[in-house]
Amino acid sequence: FGEIGTLSGSVSHDGLDIGELAHGDLKSDFSTIDIEKLKKSFQTKGFSHGSLKIAGVDADFSNIKVDASFSKIRVVFAEDYNFKTTLYSSFGSIKTGNLVFYEKTLDKKDVIVGVAGRIKEPSATVDISNSHGNIVLQ
C-alpha cells in the first residue's frame, strides 16, 4: 500500500507493506507488518507470532501502543524524538540502541519506564509489551 490515512482491522497469516500510515489500529497473528513511515498513531492488541517493523516515525507522532507475544517489534525514530515510554518484555529482550533518555524511572533487563528525548514532559507515548519476543527501538 502507498499512503494510508486510517487503517483498522485484522491480519492473519499474511503480510502488509505500508508506505505511509497516519493512524493504524490492527490485530494480527502469524503475520508481518512493515510500515515505512508512521505519521501519528499506531496501536495493536493481540499481535502474536509475527513481526512489526516501523522504519520511521514522524517527530510529531502521538502514540504507539503494542501488546504482543512471540513477536519481533522494531521501531525507528526521527532524530528529534521525544516521548514517554513503558517497555516490557518477558522471556525476551529490550534494546534501545542510541536512544537518549531524559530520565529513566525504572531500568531493568525486562522493563524500562522513562522519558526518551531531550524534554521532560513530552506529549507522545510509546507503550510496548511483548512476551516471548524482542523489542528494538532505534
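Leaving aside neighbours within four places in sequence, Ile 128 is in contact (heavy atoms within 4.5 Å) with Val 66, Ile 73, Val 75, Thr 86, Leu 87, Tyr 88, Ile 135 and Leu 137. This is a predicted model, in which local features need pLDDT of at least 70 and side-chain atom pairs count only at pLDDT 80 or more, while totals for chains, interfaces and linings use all residues. Residues are numbered from 1 along each chain as its sequence is written, and side-chain values use heavy atoms, with hydrogens and water left out.

**Nonpolar core**

- The largest nonpolar core has 34 residues, and Ile 128 is one of those that touch the most other members, along with Phe 42, Leu 52, Ile 64, Val 75, Phe 77 and Phe 83.
- Strand E3 gives the most to this core, with five residues.
- A nonpolar core here is a set of buried Ala, Val, Leu, Ile, Met, Phe, Trp, Tyr and Cys residues joined through side-chain atoms within 4.5 Å.
- Buried means under 20% relative accessible area, exposed means over 50%, and partly exposed lies in between (1.4 Å probe, protein chains only).

- Helices (H or I, at least four residues) and strands (E, at least two) are DSSP runs, numbered from the N terminus.
- In a regular strand the side chains alternate between the two faces of the sheet.
- Strand E6 covers residues 72-77; Ile 73, Val 75 and Phe 77 make up its covered face, and Lys 72, Arg 74 and Val 76 its uncovered one.
- Two strands pair if DSSP finds at least two bridges between them.
- E6 pairs with strand E4 (residues 51-57) in the parallel sense over five bridges.
- E6 also runs parallel to strand E12 (residues 134-137), to which four bridges join it.
- Arg 74 of E6 stands opposite Lys 53, and in E12 its bridge partner is Val 136.

**Salt bridges**

- The structure holds four salt bridges, each a side-chain nitrogen of Lys or Arg within 4 Å of a carboxyl oxygen of Asp or Glu.
- Side chains of opposite charge can pair when their charged atoms come close.
- Lys 37 and Asp 58 meet in a salt bridge at 3.0 Å, N to O.
- Lys 37 lies in strand E3 and Asp 58 in the loop between E4 and strand E5 (63-69), so this pair ties together parts that are 21 residues apart in sequence.
- Asp 58 is buried, at 13% relative accessible area, whereas Lys 37 is partly exposed at 32%.
- Asp 58 also meets Lys 39 in a salt bridge at 3.0 Å, N to O.
- This second pair links distant parts of the chain, 19 residues apart, with Lys 39 in strand E3.
- Lys 39 is partly exposed, with a relative accessible area of 28%.
- Asp 107 and Lys 104 meet in another salt bridge, at 3.1 Å, N to O.
- Asp 107 is partly exposed at 46% relative accessibility, and Lys 104 is partly exposed at 36%.
- Lys 37, Lys 39 and Asp 58 form one network, joined by salt bridges that share partners.

**Positive phi in loops**

- Most residues other than glycine have a negative phi, and most peptide bonds are trans.
- Phe 30 has a positive phi of about 50° although it is not a glycine.
- Phe 30 sits in the loop between strand E2 (15-29) and strand E3 (32-48) and is partly exposed, at 44% relative accessibility.
- Phe 91 also has a positive phi, near 60°.
- The loop between strand E7 (83-90) and strand E8 (94-95) holds Phe 91, which is exposed with a relative accessible area of 70%.
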